[in-house]
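Today I opened a new protein model and kept a few short notes as I went. Come along and look with me.

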Amino acid sequence: MMRLRQRFLILSGVLALAIPSLSQQVATVTYTQDFPGSDPSHYAVSISSDGHAHDEGNGRLITPSKYSTDNSVPDTEQLDFTASAATIAKVFDLAKRANYFQGEIENKKRNLAFTGKKTLTYADDTHKTSATYNYSTVPEVQDLTKALQNISSTMEYGRRLAYCHRHQKLALDEVSKQMVSTAQGGSLEDVAAIAPIMQKIIDDRSVINVVRARLQRLLDAK
């Protein structure tokens, strides 16, 4: 009986050590897109299973023709944020159903319009798989591409809101209008990630009321 108890205690200790190591394994799904001549011409967004997320892009901060004569594209900006539980579940479910991007996902039909070089990558502690494509007919790849594009677009709006709030408050009118239009088209996702900057603008009485009201409606609808 004593030996059985000792074996049980040893086994319990082994499991206690093993279970945390398993729970600490973090997987990441990353999407990158390069499309010379578009704005942004490069961006990347990654979502990790622990909620950590990262976005980078080189989009113009404001519309140069209206608010500035500077047509240069800024250096790549980077932003860390926390993805929602719903976004994490959606991204990793689609990645799993897409077989973690193993095999051919590119549509090989000729004369397809080029919409950017896209790459999806899955990585964890022991595996890394990726696929590059212009257009895919795999439903899960299409859905995941759209979701990650939407998330990156949302982060880009957050970056523009922060910049305009600091340097060009009049431009907030145009940016907020664009956000509403994007939301109506179903292309804003995980708005909660940029809620702090939106709330900061909403609380700023020096910003015109129509802008604050637009942003409030977007927050209420998230």
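I started with helix α4, residues 139-167, and saw that this helix lies across β1, β2, β3, β4, β5 and β6. Its direction runs at about 105° to β2. I note here that the model is a predicted one.

Next I looked up the sheet itself. I found six strands forming an open sheet, with antiparallel pairing, in the order β4-β3-β2-β1-β5-β6. Which strands stand at the edges? I wrote down β4 (77-82) and β6 (128-133): each has a single partner strand, so one side of each is left without a neighbour in the sheet. From one strand to the next, I read an average twist of 10°.

I see β3, residues 52-57, running antiparallel to β4, with six bridges joining them. As an example, I traced Ala 53 to its bridge partner in β4, which is Phe 81.

I also checked helix α3, residues 85-97, which packs on the sheet. I found it touching β1 (28-34), β2 (42-48) and β5 (117-123), with its direction at about 100° to that of β2.

Last, I stepped back to the whole protein. I have seven helices and six strands on my list, and from the N terminus they run α-β-β-β-α-β-α-β-β-α-α-α-α. Of the 222 residues, I noted 41% as buried. For contacts between residues at least 6 apart in sequence, I read that 61% join residues at least 24 apart.

How values were computed: Residues numbered from 1 in each chain as written. Predicted model: local features only at pLDDT ≥ 70, side-chain atom pairs only at ≥ 80, totals over all residues. Heavy atoms only, no water. Pairing = 2+ DSSP bridges. Helix = DSSP H or I, 4+ residues; strand = E, 2+ residues; numbered from the N terminus. Axes fitted to C-alpha atoms, helices over the stretch in contact; angles between N-to-C directions. Contact = heavy atoms within 4.5 Å. Buried < 20%, exposed > 50% of the residue type's maximum accessible area, 1.4 Å probe, protein only.
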